[in-house]
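Please keep the sequence and the structure in view while reading.

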Amino acid sequence: MTDYPVPSQADVDQAIRLIPSPQLRRVFFDGLANPNWIKPLFDAGQFGSPPEPVQDEKGYIREEPWPEVDYLVRMAPFVPDAVIDVFLSLEGSRNSWVRRSAIFVGASLDPDKAVRLKPILEAWESGFGFRTDPRDLANLTRNLLGGPKPRIGLRLARVLFGPTEGNDKPRTALDEYWYEEELPGIVEALGDRALKQVLHWLEDWERLSGHLEHDRGYTAVFRPSIETSTRAHAGIEDALIDAVRDAAVRAMQASPASAVQVLQASPLSLAKRIMLYAIARALASRAVDPVELIDMSIGALDDPLFADSHFRLEIADYFRAVADVAPDRLTALAGYLDRGPLGGREVLIERLRREGDSDQEAVTRADEYTARWRHRLLATIGGDHLSEPFKAELEELDARDGAIEDAAKPDFQMTSWVGPESPVTVDDLAAMPPSDLATYLETWHPEPGSWHGPSHGGQGRLLTTLLTTSPRALQGQDDLLDRLRPTYINAILRGWEAAIRGDVDPDWAQLIAVVRSVLTHIDASNFEPEGDDFDDDRDYSRARHAAVALVEEALTTRETRRVPKEVVDDLGRVLLANVVDDRFWDEYVSSKPGDGWDPLNLSINAAWPIQAKALIMLAGSTKRSEMRTEALAALDHELARDDPWDALAAVIGESLPRLYLADEGWLRERVDRLFGTAEAISRPQQIALSTALATQYIHSVTLGLIRGAVLAAMKLDEPMAVGWNGLRPPDQLIGEWIITTHIRGQLELDDPLMNSFFVDEPANVRGEAIGHIAWEFMQADVVDDQMRARLESLWDSRVVHVREHPEDGAELKDFYWFVRSRKFDPAWWLPRLIEAATLDPELMTHGMIGEDLATAAREYPSEVLDAVVALTARSGDVAEPTMYDLMRTAVPTAIAWSIERGDDALKADARRFMNTLAERGYINIVQSVEGVDTSQPVEE
């Protein structure tokens, strides 16, 4: 500390007398840059009274600022022990800034210093303060885990990541987002301890969730594939599974015997599947003795749990890996298959036995189930990894029962804790011949008076799943509408719809017969409902909806679609016959869309607009001109209705290209009525236009069709009505269509559309549209040189405009995407970035371009220095993430290369900038600059 004088006692006493008020303390501590003041001020009691939070009359928690803590944080790199002494004295403080700052300091210091924070970490375990950054907590944990006393870090990790009991589900100290974000780094820092520790957290999560209370290891159900989660939203449980998986893979390669032992001993069936997954990865890595690892693990397969169908993917992984490295050990597959599902034939027979079954019926059902289980497993392993006898068996099963497509795809995910339940599994249903399946659905009834348990609705969900991949599971059953309740008919139709979407052919004759019967059936059901509305449909309204949705899907033309043309025409006749029935319309006008339902959302969920869309699909898919004419005439009839919710307008917008391809003449005659003209555009026309802009690929022909409507939309005084709330605003989309068409060379710069957009739309909308095009360049693997040149030229013309009209500076606000896209040369974007920052002092980079500026600094040190000087001019006010990005990489690198390669003037500018930043509080700037490697030569 020789660079800083040590204050005398008289200096300290005088300073204390001069700072009696909070305002004066702020001035003093903000300007204090001498770390040698900490100890004498501490001894004088100046750090002993941070303001405590108080609750005001409205119930809000208030905290007065405490400038002392900012000074402590700035000085921590210079006198860490002195700063830690202060924080240790504040163990009892509830001030959230104190807690945040102490954690931040601990995360940034060397671990041998950070361990001194142990007392306050333990004291604050019940709450580290709402201001504390979760990233700092995680960084401190990793810091401590890598230090001389890792147990302190381990304790903190358990506090932050260990599940505890909550009200309705387990809770953790970190919020879900930060838990998922930071857990992988903690796993890596845990090193050899990771597998045991993270597995313990997963076990606690499943126990607190109630999942360990079930007999058959139901924890396996929640994760159909160990490799990846199939849930739309992963959450903490999946994050823990991923963490155990990754830790197990590393442990299996480093110490396989120990890893197998840990996973095998866990009560979780998930752990057993993770073990198989990790073994397969270890064998593939060739980092272990394959024979030794196989021999130590193969015996585990004798456990009946490993024969559960939920283990299929991981068992297949295991045997594929065995076949690759030690094919002679593949003989173990024979024993596994011979034991059969659930580890034994007798167990399976009793598990599948139903009330009233004879012994022979139970045996037959078990044998059919076993054959399918065996077939699926062999198909998942794949013929390339099977010995000749098993390969021959797979070929025989494929020939007899049909090849299983996407055998390695995870099973349908269902739990017994959410939604209606089924008394059987998908495999159980699949094992039944069509006649038995229909009879079972016809005769099964839930237990009377049961408020929770197996229901028709739960069974219908599985029936949909079965028919999605096996749409002929009910083939030959022609009296389904008379035999099955509406719930099952609805499930069948939705399963067939999904199968068609996946290009799996149903029995078309059966499908057409069922659809025709449903659409002509009265709403009332002949079946007495069993259960509430969630358990059993009261009438055929949902089935009728499913029928028309199926027709719409079957008539949709796609490149891979294999729907025979005669089926298209048969379904078209059914559709046209049903259009005259007003039941769909009556349901639609009498309903009221829920909050948040936009017209497009409604159009894919209400039967009437779905039927109208089916007419459009029919017009585009039929080869019969008379049927096309009839379909479009029926559509005209629907368009004449007074639609209260504008769903049909959204259908028209979404279907614009299909209408063009179906009958261009029909569309051109009606395009002004459907979308509007340059003079006027109504609300339904705005819905159609905004939906078209949001759902269609940008095309010059399409833009030409709706040109007048676009011009009118840009003249609106009020925001355009939106057909779909799921994308960017319509005015920005208009700009993206116009700009994209221009840079493709299909729209001149002086075209009225271009002029109107850049005159009538606000500057920020213009900036967002241009920026989004640059963002799209970033997504492209290759960018056409001419398109890039036109976008560059357009940008330059907009800069000229902003020079003349500074009030439109917001038009330049998204230039960072030009840099971040990495599709433009630094020689082009650097001077423009500098000018943009000069013309728009509010310009933000959103933490996006620090690395790009740092990379360019080697070749263009002067320009990059000018850029970072301009971008950091408002460093006191700029959002922290942006400033962090620039200060972490761009600024130090720009200064370092300017000093390394610049002339005397540039070197002086760089040092001046560095001093300015130090005065602003960036006290580590010198060390950051010195840490930049400028030893590598620059290619001239």
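Helix axes are lines fitted to C-alpha atoms over the stretch in contact, and angles run from 0 to 180 degrees between N-to-C directions. The model discussed here is predicted. In it, the axes of helix α15 (residues 269–285) and helix α17 (residues 312–325) come within 8 Å and cross at roughly 25°. Because angles under 35 degrees count as roughly parallel, α15 is roughly parallel to α17. The crossing of α15 past α17 is left-handed. On the α15 side, the contact includes Leu276, Tyr277 and Ile279; on the α17 side, Ile315, Tyr318 and Val322 are among the residues that take part. By class, this contact has ten nonpolar, no polar and four charged residues.

Attention now turns to charged pairs. The structure holds 65 salt bridges. In one of them, Arg142 meets Glu182 at 3.2 Å, N to O. Arg142 belongs to helix α9 (residues 134–145) and Glu182 to helix α11 (residues 176–190), 40 residues apart, so the pair links distant parts of the chain. Arg142 is partly exposed, at 23% relative accessible area, whereas Glu182 is buried, at 8%.

A salt bridge also joins Arg624 and Asp569, with the closest N and O atoms 2.9 Å apart. Since Arg624 lies in the loop between α32 (607–621) and α33 (625–639) and Asp569 in helix α29 (residues 565–579), the pair ties together parts that are 55 residues apart in sequence. Arg624 is partly exposed, at 36% relative accessibility, while Asp569 is buried, at 9%.

Finally, salt bridges link Asp523, Arg544, Asp581, Arg583 and Glu587 in a network.

Note on methods
Residues are numbered from 1 along each chain as its sequence is written. This is a predicted model: local features need pLDDT of at least 70, side-chain atom pairs count only at pLDDT 80 or more; totals for chains, interfaces and linings use all residues. Side-chain values use heavy atoms; hydrogens and water are left out. Helices (H or I, at least four residues) and strands (E, at least two) are DSSP runs, numbered from the N terminus. Angles under 35 degrees count as roughly parallel, over 145 as roughly antiparallel, 65 to 115 as roughly perpendicular and the rest as oblique. A crossing is left-handed if the near helix is turned anticlockwise from the far one by less than a right angle, and right-handed if clockwise. Contact means heavy atoms within 4.5 Å. Ala, Val, Leu, Ile, Met, Phe, Trp, Tyr, Cys and Pro count as nonpolar, Asp, Glu, Lys and Arg as charged, and the others, Gly among them, as polar. A salt bridge is a side-chain nitrogen of Lys or Arg within 4 Å of a carboxyl oxygen of Asp or Glu. Buried means under 20% relative accessible area, exposed over 50%, partly exposed in between (1.4 Å probe, protein chains only).
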